[in-house]
Amino acid sequence: MKKIHSRFSVARGFLIFWTLFIGIGAVAGAACMLIKPDGSLMGMQGLLPYFQVLPLAEILYQDYLFPGIALLCVNGLPNLLAAALLLRQRKAGVALGGGLGITLMLWICIQFVIFPINFLDIAFFSFGILQAVTGYAAWVFCRQEQFTVSAADYPHIGTNPKRLVVYFSRMGYTKKLALEQAEKTGAEVYEIQTTERTAGTLGFWWCGRYGMHGWAMPIKPVTVELSCYEQVVICSPIWVFGLAGPVRSFCKEAKGKIKSADFILTHHTRMHYAGAAREMERLIGSSANRVISVSCPLGKQTGIAVF
Ligand SMILES: Cc1cc2nc3c(=O)[nH]c(=O)nc-3n(C[C@H](O)[C@H](O)[C@H](O)COP(=O)(O)O)c2cc1C
């Protein structure tokens, strides 16, 4: 059986690395400070004067006991907990692991204030950035891979042969809106299929290339007779501030064949992308009755504009 490539698994693997790397390092450092609070195990005796600029220094920073406890509780144990959660496939590990990247950056900010600028602080600040970014990527990929939509959940689709909903969708977000629209009116549904690679990370960049140039992406032959329908709703994602390449090809083929058109545009941001709707009108050769512009980052609808 072909193994499905999971971007979440890759990001999760990297996050486990970061949480273990930072967690084990912090626990080891904290252990050295607690075993020898004078800092002699790590050759840090000479650094204590730098801590004296911190609040309550006369109580907390006369040796490495408090810094050791703080290191253990802030960076050590929480990172190991995040690693354990990630290894046990718990989603909380993603949020905790990513959040601890920010914690590490804040910790190093304190070190930036008290120590002269040095290589180790810069390196660990960079590790914090990488850990936080890895956590965010894992969270996004997890949401993307868990997003599912099935035509079986929309029983009224296809009960009204006078209406058609056409869509192209990479991740399923536009598909969901298309199916919801068809469910409301009983319309039939047609999926535009492209012959190019659109799935996964490479597919994303390939689509971006088409989007950037405003190119039409080759599609499989259109198998619906568009002139048979009283109303056609065309649903398109936005690619690089414009129309998605496969929908551009479809609209070209649909020129002069659609009696009455509506458009649904889906995108990540809160912009309306009226320019994409105008391009669709130009390509099909007629004006839309209604354009619905939906922001749906990661498939969650956060805004809608109708014009
Ligand atoms: C190559 C590419 C470029 C994109 N450019 C934009 C953009 O400029 N603005 C925006 O809001 N969303 C942009 N997006 C996000 C998609 O429009 C959005 O995630 C859409 O809901 C995806 O629908 P789908 O899952 O049905 O393909 C882009 C997505 C891709 C793949």
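1. Strand E1 (163–167) is mostly covered, with five of its five residues buried. Buried here means 20 or more other C-beta atoms within 10 Å of the residue's own; exposed means 12 or fewer; partly exposed lies in between; C-beta atoms are placed from the backbone. Strands (E, at least two residues) and helices (H or I, at least four) are DSSP runs, numbered from the N terminus. This is a predicted model: local features need pLDDT of at least 70, side-chain atom pairs count only at pLDDT 80 or more, and totals for chains, interfaces and linings use all residues. Residues are numbered from 1 along each chain as its sequence is written.

2. Which residues of E1 lie on each side? Arg163, Val165 and Tyr167 take one face, Leu164 and Val166 the other, and all are buried. In a regular strand the side chains alternate between the two faces of the sheet.

3. E1 pairs with strand E2 (residues 188–191) in the parallel sense, over four bridges. Pairing requires that DSSP finds at least two bridges between the strands. Val166 has Tyr190 of E2 as its bridge partner. Tyr167 stands opposite Glu191, also in E2.

4. E1 also pairs with E3, again in the parallel sense, over five bridges. Here Leu164 has Val232 of E3 as its bridge partner.

5. E1, H6 and E2 form a β-α-β unit, and the unit is right-handed. The term means that, with the strands pointing away from the viewer, the path from the first strand over the helix to the second runs clockwise.

6. Helix H8 (residues 245–253) is largely enclosed by the rest of the structure, because seven of its nine residues are buried. The buried ones are Gly245, Pro246, Val247, Arg248, Ser249, Phe250 and Cys251. What do they pack against? The partners are E1, H7, E3, strand E4 (242–243) and helix H9 (274–284). Contact means C-beta atoms, placed from the backbone, within 7 Å.

7. Two C-alpha pairs are worth a check. Ile35 and Ala182 are 147 residues apart along the chain, and 68 Å separate their C-alpha atoms. Ile35 sits in helix H1 (residues 7–35). Ile35 counts as exposed, because it has 11 C-beta neighbours inside 10 Å. The other pair is Ala305 and Asp63, 242 residues apart along the chain, with 61 Å between their C-alpha atoms.

8. Ala305 belongs to strand E7 (residues 303–306). Ala305 is partly exposed, because 15 other C-beta atoms lie within 10 Å. Not counting residues up to four places away in sequence, Ala305 touches His272 and Ser293.

9. Two backbone angles deserve a look. Most residues other than glycine have a negative phi, and most peptide bonds are trans. Gln89 has a positive phi, near 60 degrees. Gln89 lies in the loop between helix H3 (65–87) and helix H4 (92–114). With 9 C-beta neighbours inside 10 Å, Gln89 is exposed.

10. Phi of Tyr273 is also positive, near 55 degrees. Tyr273 is in the loop between E5 and H9. Is Tyr273 buried or exposed? Tyr273 is buried, because 22 C-beta neighbours fall inside 10 Å.

Terms used
Two residues are in contact if their C-beta atoms, placed from the backbone, lie within 7 Å.
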